[in-house]
Amino acid sequence: MRTSRGSFSQELNMAMLYQAVYRRASFLWCRLHSTYVRKMRYLFELKEDDGLCRQAQNSGTFYLFHNLFPFLQKVGSKHLAPQISASELKRILKKFKQNKQKLEDSVLIGCSDECMAYFALDLGSLEKMDIESELKGSFTELWKAFFQLDGKDASLLSLAQALLRWHDTHKYCSKTGQPTQKNLAGSKRVCHTNGIIYYPQMSPVVITLVSDGSRCLLARQASFPQGMYSALAGFCDVGETLEETVRREVAEEVGLEVKSMWYSASQHWPFPNSSLMIACHATVWPQQNEIRVNKLELEAATWFSLEEVVEALRREPRPLKQEDGRFSLWLPPKWAIAHQLIQEWVKQQSNMPA
């Protein structure tokens, strides 16, 4: 027995030494490489090492949510998503009689160039108005926040809400029905009954800006703010390619047949849950451009000229009622990939020979 225990102790010491050497070597290796590589290596270690992640929680910053609504502050004419320090958050939790262990309910969403970790924490168990009063701000619906923030904050809040929602809806194993436990970074959940590991998932969505050569087609759902139009979008069906999804969605929603299409870019999008928006351009035959709106999918769809789109891009993104009672066209926020598609189309049209 003594020999066995001694052997086990030696193996344990060797394993700890190996981990220490690996971390030191990894740190030195990253210092010799780009900031991006260093950040990615650091985030990887936080996801794999709960001890290291716990240290980062005690020195990092936090974006706050209340029942998935992000916390914003108005500074002058701008809205910001403030980063609350760990020490300030602990003070707030203590004031509202919450254990500082609540920090461990947070999820890792990124880090700065200096490797200061960013987390997101939902304080839905606390009184909303009390926190707003304490921090002098407000919890705002994410969709509304997107029109008030710049791209960096909006992107982080998008990721944060998606992760927080996923953890809230995946507390139990789909096979055993037993509770699952998240790792400290929130990058996975584990069912300890059978060892199944669950990872956050995204659903692929194709978003397509359709053109007939001189006009672009924009549509709206009943849930959109008054006057707002965007590109067509739809989830990929099982077994479909992106090309098949584009053609099917355009046919289903507006009754048009796609002539050609090409890929533009992609973006994470938190609605309705967590989606990967795959942005494409598509053209239809100019002689076959009569729109037949599927009312089960859309409220309206319309062809817009270059002049109408350019004018809408110049306006503030908000409802503007005209004299005839209709609302002026306005478009998704600048950092949204639908906006990028529209900008690309405008540039393409402007570069076409007269």
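**Note on the predicted model: strands, cores and selected residues**

1. Strand S1 (residues 61-66) and strand S2 (residues 69-75) pair in the antiparallel sense, with two bridges between them. Strands here are DSSP E runs of at least two residues, helices are H or I runs of at least four, and both are numbered from the N terminus. Two strands count as paired if DSSP finds at least two bridges between them. In this pair, histidine 66 stands opposite phenylalanine 69 of S2. The two strands form a hairpin with two residues between them, and asparagine 67 in the turn has a positive phi of about 50°.

2. The model is predicted: local features need pLDDT of at least 70, and side-chain atom pairs count only at pLDDT 80 or more, while totals for chains, interfaces and linings use all residues. Residues are numbered from 1 along each chain as its sequence is written, and side-chain values use heavy atoms, with hydrogens and water left out.

3. With strand S3 (residues 78-80), S2 pairs in the antiparallel sense over three bridges, and glutamine 73 has leucine 80 as its bridge partner in S3. S2 and S3 also form a hairpin with two residues between the strands, where glycine 76 takes a positive phi near 65°. With strand S7 (residues 138-139), S2 pairs in the antiparallel sense over two bridges.

4. Another open sheet to check has three strands in the order S8-S9-S10, with antiparallel pairing. Strand S8 (181-182) and S10 stand at the edges with a single partner strand each, so one side of each is left without a neighbour in the sheet. S8 and strand S9 (residues 189-190) are joined over two bridges, and glutamine 181 stands opposite valine 190 in S9.

5. For the chain as a whole, there are ten helices and 16 strands. Of the 354 residues, 45% are buried. Buried means under 20% relative accessible area, exposed means over 50%, and partly exposed is in between (1.4 Å probe, protein chains only). Among contacts with a separation of 6 or more, 63% come from residues 24 or more positions apart; a contact means heavy atoms within 4.5 Å.

6. Which residues of the largest nonpolar core touch the most other members? They are Tyr63, Ile109, Leu157, Ile207, Leu209, Leu218 and Val309, out of 50 residues in that core. Domain 1 (2-169) and domain 2 (203-351) both give residues to this core, so it lies between them. The domain bounds come from an automatic or database domain assignment. Apart from this core lies another, of 29 residues, including Leu43, Leu52, Ala86 and Phe119. A nonpolar core is a set of buried Ala, Val, Leu, Ile, Met, Phe, Trp, Tyr and Cys residues joined through side-chain atoms within 4.5 Å.

7. Isoleucine 207 has contacts that include Ala231, Met277, Cys280, Ile337 and Leu341, not counting residues up to four places away in sequence.

8. Helix H8 (residues 242-254) has 13 residues, which at 1.5 Å a residue should span 18 Å; the end C-alpha atoms are 18 Å apart, which agrees. The expected span is 1.5 Å times one less than the number of residues. Buried residues in H8 are Thr245, Val246, Arg248, Glu249, Val250, Glu253 and Val254. Their cover includes strand S11 (203-211), strand S14 (258-269) and strand S15 (275-284). After H8 comes glycine 255, whose phi is positive, near 70°.

9. Serine 275 is in strand S15. Is this residue buried or exposed? Serine 275 counts as buried, because its relative accessibility is 1%. Its contacts include Met202, Val205, Phe235, His268 and Trp269, not counting residues up to four places away in sequence.

10. Two loop residues can be set side by side. Leucine 103 lies in the loop between helix H4 (86-95) and strand S5 (107-111) and, at 3% relative accessibility, counts as buried. Leucine 103 touches Gln57, Asn58, Phe62, Leu89, Lys90 and Leu93, leaving aside residues up to four places away in sequence. Tyrosine 199 lies in the loop between strand S10 (197-198) and S11 and is partly exposed, at 48% relative accessible area. Beyond four places in sequence, tyrosine 199 is in contact with Trp166, Ser187 and Lys188.
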